[in-house]
Amino acid sequence: MAAVVVEVAPGLGDAERRRALELGPGRVDASGPLEELMAGAGLAPLESHDWTGELRDTLRSILAALARHELQLRAGEGDEVYDHELTKKARLLEGVEAGLLRRTLVVAERRTQAK
Amino acid sequence: MDEATEQASSEAFAYKYRRLRTAVARLVRSDTLGSPVPNGYTTVDQADRIARAIVLAPGDRLLDLGAGRGWPGSRIAALSGCDLVTVDLPLTALREAREHMRRRDIGRAGAVVCGDGARLPFRDACFQAVTHADVLC
């Protein structure tokens with residue numbers, strides 16, 4: 001299995017964690033540390049990669065593209081959709097840049113039962 | 001997730017896939033993620049790295065959970081030649097996934113399934129690999 005999630009960064013205090021939940025995707029609270037969740041589901045992690053820096057670059061790129069195409073997007077999608085996308089991406093980027101959110105890839109395999 | 005939260009989440013994601021379908025929205029995805037297909041934040045390059053990590057071959061079967069428009073599963077299936085089954089709830093996204101896969105002849109004996117990842121309609125151990133990228137993001 002390969003899973004990629006945006007999750008709350010480890011080691012945060014209560015106030016930072018609350019801020020991470022405010023800035024992150026809607027269900028970011030549903031994901032604990034990804035490796036632990038996968039281990040709990042009977043999967044043995046093989047490799048793990050921190051893709052937070054790449055997420056930061058992607059979000060910056062998306063925000064720049066949203067600004068570049070603002071007039072066409074507002075005309076085609078409507079102001080509400082445009083403003084929602086802009087706010088969502090900007091808040092996520094704020095959480096990433098503040099070290100509150102991270103994006104992780106974990107590759108795991110099913111644990112085989114010992115005979 | 002309780003039933004009310006699940007319903008609200010499902011409706012929010014259905015809304016997400018009904019919008020951002022204009023040519024310029026597709027152009028933004030192409031400019032930033034490398035393809036008009038992705039949902040979430042997985043770029044083409046990252047999908048390729050996932051494909052290399054899970055190593056599938058023709059005849060293998062991949063389950064892509066919460067795949068939206070079929071991403072990253074359709075990219076992995078295109079690279080490996082594996083069969084692809086994508087699962088998600090929003091019908092708009094699933095129709096786009098099916099159209100994309102049909103146009104590119106991706107996934108071969110695969111399927112696009114409207115279903116809940118917590119209650120999958122498959123027997124155990126019928127997939128060689130599972131992917132799950134930016135679900136609920």
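Two residues count as being in contact when heavy atoms of theirs lie within 4.5 Å. By that rule, 30 residues of chain B touch 35 residues of chain A. The structure is a predicted model, where local features need pLDDT of at least 70, side-chain atom pairs count only at pLDDT 80 or more, and totals for chains, interfaces and linings use all residues. Side-chain values use heavy atoms, leaving out hydrogens and water, and residues are numbered from 1 along each chain as its sequence is written.

Now for the interface itself. Chain B and chain A bury about 2,700 Å² between them, 61% of it on carbon and sulfur atoms; buried area here is the accessible area (1.4 Å probe) that two parts lose on being put together, summed over both. The rule picks out three salt bridges across the interface of chain B and chain A, a salt bridge being a side-chain nitrogen of Lys or Arg within 4 Å of a carboxyl oxygen of Asp or Glu. R68(A) and D31(B) pair up this way through their side chains, at 3.6 Å from N to O.

Zooming in on one residue, E85(A) sits in helix α5 (residues 79–97) of chain A, helices being DSSP runs of H or I with at least four residues, numbered from the N terminus. E85(A) counts as buried because its relative accessibility is 7%, and buried means under 20% relative accessible area (1.4 Å probe, protein chains only). Not counting residues up to four places away in sequence, E85(A) touches L66(A), R19(B) and L20(B).

Notes. Chains are lettered from A and ligands numbered from 1 in the order in which they are written. Helices (H or I, at least four residues) and strands (E, at least two) are DSSP runs, numbered from the N terminus. Buried means under 20% relative accessible area, exposed over 50%, partly exposed in between (1.4 Å probe, protein chains only).
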